[in-house]
Amino acid sequence: MIFPSISVRAPLNPVSPLILKPPPKPSFFRPVRCSNHQQNPDTIGKSVKPSTHLINPSVVAIEVVNKKNNEKRRGDEEGRGGCFSQMGSQQMLGLCGFGYGLQGFRCFPWLALNFHMAHNLKLDPSMIQVVQNIGNLPMVAKPLFGILSDAFYIGGAHRVPYIFVGALLQILSWGALSLMPVAGQALASLMLCVLLSNLGASITEVAQDALVAEYGQKHRRTGLQTYAFMALAAGGILGNLFGGCFLQKMQPNTMFRAFASLLLFQVALCLIAKEDSLGLPQPADQNLVRKSIFEGVREQCSNLMITISEDSISHPLAWAVASIAMVPILSAPIFCYQTQCLSLDPSTIGMSRVVSQLMLLSATVLYNQFWKRVPMRKLIGTVQLLYASSLLLDLVLVRQINLSLGIPNEVFALCFSGFAETIAQFKLLPFSVLFASLCPSGCEGSLTSFLASAFCLSSILSGVLGAGLASLIGITNGDYSSLPVGILIQFLAALVPLWWIHLVPMVDPAAEKEKKKGMSKRSRRNRRIGRIALESFYVYRREREYEEQR
């Protein structure tokens, strides 16, 4: 097409209004009137000139080329964010990558603590489960920590200082346990240290979750929760692997001291990192920084209540919490049965957790690559059904069915002991991605902490139900004859949430909204091209753009 051949001026001879002529046929050389210009009624019956002239085609072409270059540049910038190490800065990688890895590595000292309570303190399985769940009570206070981190800035930052405080509290708790003889013979002092440790862990987890959600929304990086899950699973792999090996060669207090040393490294990272370099929103003025805690907490509570009252958040949250809380967990009785009746050594228990964390890591990678395109309701329903079926694997071990199949207890426990726990952890990943995409700006810490608290509270209720069920059916230290009945009750309870699976959305509302937004932008671009160019030129450009997109 030769652009100078297009006539962009008015014809030399005006058209007389008294002579009626048929409208000309569409021609390549006929100017097109813009749709946003209306005809003036005063010009009727007078000689008229075209009120709209074609914009210089060369300018149109330059604008189209510039716009395409800008879109290509933006696409290249988004394409460079394929993995977590490329999406964030070095400080973001150090804070959240190491932070989530250390969070998963908490199984390292907890494995030693569980063996200490079972073998040194000689506690009943139901009492061990009560201690574990009471120790998780500080996790229920996560909404308070999230509201504080959203509303109250410390030194101009509201994420990194809270990670620092939480790491310090964990150092105090595990350090105190390491200094006690035989990891603390008194149950009361041990319980106090466990509560302090989980208090620090809850503060750190709230700040890390809010930091990931806020950073992802600020820089429009989706899928950060998936990479955080990968770091969490990697930390769990290393924690269980080293925990099972070190527990055979050293005392529990030495393992507590080693974990406290890793927490010191996290404290050092918090001192080095600068939150303003991450590009996060800063306080608008000094008055916001000096705002009282009460006013900030009240404002954030109001925003949180408005956010969670939306159906897109409340319905899937209610299903997720109910699906966890109504299943009585018998983790402590099964753990004691494996160590006391089957005489499984700590290395086997640790390696079984390593296998489960490897499965969790693999499932997370598969979700990020393929399964996130599956409708959410279909995915969650399948995962819940698989979780209920995996609970029956403990029945195979208790009834020794694996021996009749020629599979030793060590091999079966190594491969399938933590399968149900892996599926239960993976089930939370789609919900975390969904809620992070729906989280409004300025409410990241409040919402993520509320969700974590709700999940933790449901886990505590599940553990308390499991402890009550173990006492009700007569599971005690040395008597596990009624354990198969408890496993069957678990299986039936896990099937009940499938009756109200309709509360889980089919698709991610945020992704659907973004898809519609992209379609509307493309439609507006096509309409603009159609208004300013000739009809044949418009068709030519549309075909060219379609060919280039292919």
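Modeller: Start with pLDDT, the predictor's confidence in each residue, from 0 to 100. Helices (H or I, at least four residues) and strands (E, at least two) are DSSP runs, numbered from the N terminus. This is a predicted model: local features need pLDDT of at least 70, side-chain atom pairs count only at pLDDT 80 or more, and totals for chains, interfaces and linings use all residues. Residues are numbered from 1 along each chain as its sequence is written, and side-chain values use heavy atoms, with hydrogens and water left out.

Colleague: Which elements have the lowest and the highest mean pLDDT?

Modeller: Helix α2 (residues 84-87) is lowest, with a mean of 42. Helix α16 (residues 376-390) is highest, at 94. For the protein, the mean is 75, and 71% of residues reach 70 or more.

Colleague: Where does pLDDT stay under 50?

Modeller: One stretch is residues 72-88. The model has 19 contacts (heavy atoms within 4.5 Å) for it beyond four places in sequence. Another is residues 527-550, with 32 such contacts.

Colleague: How many helices and strands are there?

Modeller: The protein has 25 helices and zero strands. Of its 550 residues, 45% count as buried. Buried means under 20% relative accessible area, exposed over 50%, partly exposed in between (1.4 Å probe, protein chains only). Among contacts with a separation of 6 or more, 86% are between residues 24 or more positions apart.

Colleague: What about the largest nonpolar core?

Modeller: A nonpolar core is a set of buried Ala, Val, Leu, Ile, Met, Phe, Trp, Tyr and Cys residues joined through side-chain atoms within 4.5 Å. The largest has 49 residues. Leu-113, Met-117, Ile-128, Trp-174, Phe-259 and Leu-483 have the most contacts inside it. Helix α4 (residues 107-120) gives the largest share of this core, eight residues. A second, separate core has 22 residues, including Val-297 and Ile-313.

Colleague: Back to Ile-128. What does it touch?

Modeller: Beyond four places in sequence, Ile-128 touches Met-117, Ala-118, Leu-123, Ala-332 and Cys-336.

Colleague: New topic. How many aromatic pairs are there?

Modeller: The count is 15. Rings of Phe, Tyr and Trp (its six-membered ring) pair if their centres lie within 6.5 Å; planes under 30 degrees apart count as stacked, over 60 as edge-to-face and the rest as tilted. Phe-105 and Phe-108 are stacked, because their centres are 5.1 Å apart and their planes are at 20°. Both are buried. Phe-115 and Phe-335 are edge-to-face, at 5.3 Å centre to centre and 85° between the planes.

Colleague: Why does the Phe-115 and Phe-335 pair tie together parts 220 residues apart in sequence?

Modeller: Because Phe-115 lies in helix α4 and Phe-335 in helix α14 (residues 331-341). Phe-115 is buried at 9% relative accessible area, and Phe-335 is buried at 8%.

Colleague: Ser-197: buried or exposed?

Modeller: Ser-197 is buried, at 2% relative accessibility. This serine lies in helix α8 (residues 187-218). Beyond four places in sequence, Ser-197 touches Arg-106, Gln-170, Ser-173 and Trp-174.

Colleague: Last one. Which residues of helix α19 are buried?

Modeller: In α19 (residues 409-416), Asn-409, Phe-412 and Ala-413 are buried. They cover an arc of only 95° around the axis, so they sit on the same side of α19. The arc is that of the directions from the helix axis to the C-beta atoms. What covers them includes α15 (346-369), α17 (392-398) and α18 (401-404).
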